[in-house]
Amino acid sequence: MKLFSKRNIIGFLIIMLSYISVQLLINNGTIDSYLMLNIVIIGINIILAVSLNLITGFTGQFSLGHAAFMSIGAYVSAIVTVKFGFPFVIGIIFSALAAALAGVLIGIPTLRLKGDYLAIATLGFGEIVRILALNIDYIGGATGFNDIPQFTNWAWIFFLTVGTVLLITNFIKSYHGRACIAISEDEIAAEATGVNTTYYKVLAFAIGAAFAGIAGSLYANYFYFIKPDSFGFMKSIDILVIVVFGGLGSIGGSIVGAVALSIISLFLQNIPELRMVVYSLILFIIMVYRPQGLLGKHEFKLFKKGGKINVSAESK
Amino acid sequence: MEQLFQQLINGISLGSIYALIALGYTMVYGIINLINFAHGDIYMVGAYVGFAATTFFHLGFIPALVISMVVCSILGVIIEKVAYKPIRNSTRIAALITAISVSLFLEYGMMYFVKPDTRTFPNVLAENRITFFNGQVIMDMKNLYIILITVILMLILQYFVHKTKTGKAMRAVSLDSVAAELMGVNVNKTISYTFAIGSALAGAAGVLVGIYYNSINPLMGIVPGLKAFIAAVIGGIGIIPGAVYGGFFLGMTETLVSAYGGSIFKDAVAFTILILILLIKPNGLMGKNVQEKV
Amino acid sequence: MNKKLSLLIVSLLSISMLAGCSSAATTAAKSDKVKVGLNYELSGNVATYGQGLTAGIELAFEEINNNGGVLGKQIEEVKLDNKSDNTEAANVSTRLATRDKVVAILGAATSGNTKAATPAAMQNKVPIISGSATADDVTVDSNGKVRDFVFKTSFSDSFQGVMMSNFAYDDLKTKKAALLVDTTSDYSKGLAKNFKETYSKLGGSVVDEEAYQAKETDFRAVLTKIKGQKPEVLFVPGYYEEVGLIVRQARDLGLNVPILGGDGYESPKLAELAGKGALNNVYYTTHYSSNDDSQSVVKFRDAFKKKYSKEPDAFNALGYDLGYFLADALKRAGAVDSVKLKDALAVTKDFKGVTGTFSIDKNHNPVKSITIIQMKNGEPTFLKKLNP
């Protein structure tokens, strides 16, 4: 596949065009801090959703502790930029590494678990991380970590989001990705045909966790303040809902899901008391009437004729 | 020494609450393989029904308990028919998220109607205490009531499941629902019965907790629900005695961890034990090893 | 390839939708209303406090509007829910400051959510006042500099913790204390930390420190352990929902030492939860006492009961004072202008509220006298008043 093929050049131009046009809107004030904040939230949600989709949608590993990886990334970035004064890029790198390490730590012991048991184990892991964070005074404990410098701007959020989507998409399309998909379809058959399931399961966790860590880093260095309870069980559920809403096994779906749910959340700001009731009803309706999510297993077909990507994400 | 006895009593009381809620979880999972996240919220509704019965209708303890159990079992059946039946053949994730949506609906729906404030129960059980060891170890009559009621309910349940026809149907459906249907079991009705019984137990737990701790609020079901689920898994999910065993085990462990210095980490310990059990003996302490057929 | 295009389309769509849903951006100063933003936890796990504070604020605004408003204009509130979540608190704060163009933001209920909300307020030069946040770093940053546009009207944790420690050592003459702390609350941890430091400095020793989490109901295990360590006094700096149960269970277990706490105890529900018999030998610091029979407090209680059909608690009272505090500063500012308002807030002197008379010091914290209440058989009795 040539680097300078027509598709790649057009793709590159579209990316740069989007970046520049939004940057101009920011510079002339059309996009104010309120819109910027919500764009950042959407970007972070996209990264979280796509990374969780890799673990749960494409590799079939049911993970309910994704927010813990974000939490680790956020705190590491805060420590690196505040306590040690390093620049943002170092913070991002360390966040990714720390979260990836956590991904390996959770991936290895849970290799034998499947389905609901794996879900509960990951939920437990997420809670353990949260409880530990509540009790470590170095990072503030329940008081939280305040005065984190704001480094995240449109450039960072845009390029990291695009980068995440590109990297994970390419991973899925490669041999490694197909191995992961095979595992989600039928693990025993995959093992029998020579796929090293151990390696790929842990790898999926590590990569998914690393990107969640990056999302955490972007979060911490935008919102100035983080505390352990923001990264609890409900946050993990929120991310899972985005992935399922958009369609497990569809990267485009995760993106659309992230945007759609963030916007729905914004509209629900206007009815505080009934907000969660409406949210739960929306969830319920989606699950009953379209459980495969908005995009199901489809991807956007714009330059290809027909043919959906052969991803089946029926986790049992 | 007295401390240890007191902690034992504390642990057993705590454990019996977990056991009651865990029973409902395990029954539902055993029969339709669904982690009913809304179970903890049915417990919460039971507590509120008990509150209404004792505060507005001035009923006594036993009538309130019975009413709460009845209301909760009806609620459980409704939830099953409306929410869980349509997704019975969907993927696990869809089922899980549906359960979560029902849970959120119950919590915040209740919060909308009764406001998020804590409420207290009127005193329907006399304040009675027994002391041992010269007053060093104290057991409240309410502790005793809870333990007794839990054990009685569990015995009734065991009898029901093993000696009645419906109970047999429940066991059959949880083993193999297709075969059961072929043998003439009405699967839908059996599932409804299961939900009804499980929810009734949760409702009973709610009333007992309301009376014992004297405090209820719309979000009270989240943490006990999760802990009860851990208890059910520890004992072996789908196995009824396992739920009770798991409940007492978890209650004792939490209490002893708090007693010997780790009160900050007691929840983390509970989750760690969960993960260890899942790794070492995933079918639970009372479970059998089931080989996976290819 | 497809992903990039979809990303582009989706981002353009969302930007246009977000831009479209902005509320009418009127120039605040020219309209005949004073817009005040409320950033509170109306749902989520601390909804009780958020709703309590807004109930008090709304009563205050209603009274002020019925009396002609402030600066001749009616107060219009823009109330938004931050879901007890700090990302949403930041989101709401930004929206109130940039889109709704409020003259000031009131909120949030917890220190954590207030801290999340302040950067937007600071950047847009809109004063933000919290009636219940207590952490020291809400108003002062890590370099010791005061955050210009941020104010608190409730005691700092350091203040209450120190006061209670002095009381335990000097007044109750105890030398061994045990602590039972809510580790999920920065308020509780703040008070505990300050209590410990002061108590040790005075010469006392802390024999045990145990933890619990908010919304828990069973404390017997930790209370049994504490009892075994034989403390002379127990400091429980939590909120009434858990403290009520703690007191009841402590007395059930035979732990009869004095129990001390902070303003989190102040609620008529405390006696309900604990049971009147158990509520003995309990002391706590507060700003507001429902038994205070001064005219303004009685008037407030009657008005609150009339509007909401229940007795007010400390959060309601703090909210009420917050509403009036803002109106008072606006009057002194002379115009509906955020910067002038900020200056007026900073020099507040002797504001008379139902939670006490206070001035704002150089760190934008209130200088308030503190009352110590003693509970006797479920009835609060005034013990003493301490001036800072």
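**Exercise 1. Chain A as a whole**

What share of the 316 residues in chain A is buried?

*Solution.* Start with the kind of model. This is a predicted model, where local features need pLDDT of at least 70, side-chain atom pairs count only at pLDDT 80 or more, and totals for chains, interfaces and linings use all residues. Residues are numbered from 1 along each chain as its sequence is written, while chains are lettered from A and ligands numbered from 1 in the order in which they are written.

Step 1. A residue is buried if 20 or more other C-beta atoms lie within 10 Å of its own, exposed if 12 or fewer, and partly exposed in between, with C-beta atoms placed from the backbone.

Step 2. Read the share. In chain A, 58% of the 316 residues are buried.

Step 3. Check the size. The radius of gyration is taken over C-alpha atoms, and the globule rule is 2.2 Å times the number of residues to the power 0.38. For 316 residues, a compact globule would have a radius near 20 Å; chain A has 19 Å, which agrees. The C-alpha trace of chain A spans about 50 × 45 × 45 Å along its principal axes.

Step 4. List the elements. Helices (H or I, at least four residues) and strands (E, at least two) are DSSP runs, numbered from the N terminus. Chain A has twelve helices and zero strands.

**Exercise 2. One residue of chain A**

Which residues does Phe88(A) contact, leaving aside its neighbours within four places in sequence?

*Solution.* Step 1. Phe88(A) lies in helix α4 (residues 88–107) of chain A.

Step 1. Count its surroundings. Phe88(A) has 19 C-beta neighbours inside 10 Å, so it counts as partly exposed.

Step 2. Apply the contact rule. Two residues are in contact if their C-beta atoms, placed from the backbone, lie within 7 Å. Phe88(A) is then in contact with Thr81(A), Phe151(A) and Asn221(A), its neighbours within four places in sequence left aside.

Step 3. Compare sequence with space. Phe88(A) and Leu218(A) are 130 residues apart in sequence, yet 9.2 Å apart in space, C-alpha to C-alpha.

**Exercise 3. Chain B**

How many helices and strands are there in chain B?

*Solution.* Step 1. Chain B has eleven helices and two strands. From the N terminus on, the order is α-α-α-α-β-β-α-α-α-α-α-α-α.

Step 1. The radius of gyration of chain B is 19 Å, close to the 19 Å from the globule rule for 294 residues, so chain B is as compact as a globular protein of that length.

Step 2. Of those 294 residues, 58% count as buried. The C-alpha trace of chain B spans about 60 × 45 × 35 Å along its principal axes.

**Exercise 4. Where chain C meets chain B**

Which element gives the most to the side of chain C that touches chain B?

*Solution.* Step 1. The contact takes 27 residues from chain C and 23 residues from chain B.

Step 1. Elements of chain C that each supply at least two residues include α2 (47–66), β7 (205–212) and α7 (220–228). The most comes from α7(C), with six residues.

Step 2. Sort the residues by type. Ala, Val, Leu, Ile, Met, Phe, Trp, Tyr, Cys and Pro count as nonpolar, Asp, Glu, Lys and Arg as charged, and the others, Gly among them, as polar. The chain C side has eight nonpolar, nine polar and ten charged residues.

**Exercise 5. Backbone angles in chain C**

Where does Leu71(C) lie?

*Solution.* Step 1. Leu71(C) is in the loop between α2 and β2 (74–81) of chain C.

Step 1. Most residues other than glycine have a negative phi, and most peptide bonds are trans.

Step 2. Look for departures. Leu71(C) has a positive phi of about 55 degrees although it is not a glycine. Asn281(C), also not a glycine, has a positive phi near 65 degrees. Asn281(C) sits in the loop between α9 and β10 (282–286) of chain C.

Step 3. Check the peptide bonds. The bond from Gly107(C) to Ala108(C) is cis, with omega near 0 degrees. Ala108(C) lies in the loop between β3 (104–107) and α4 (111–123) of chain C.
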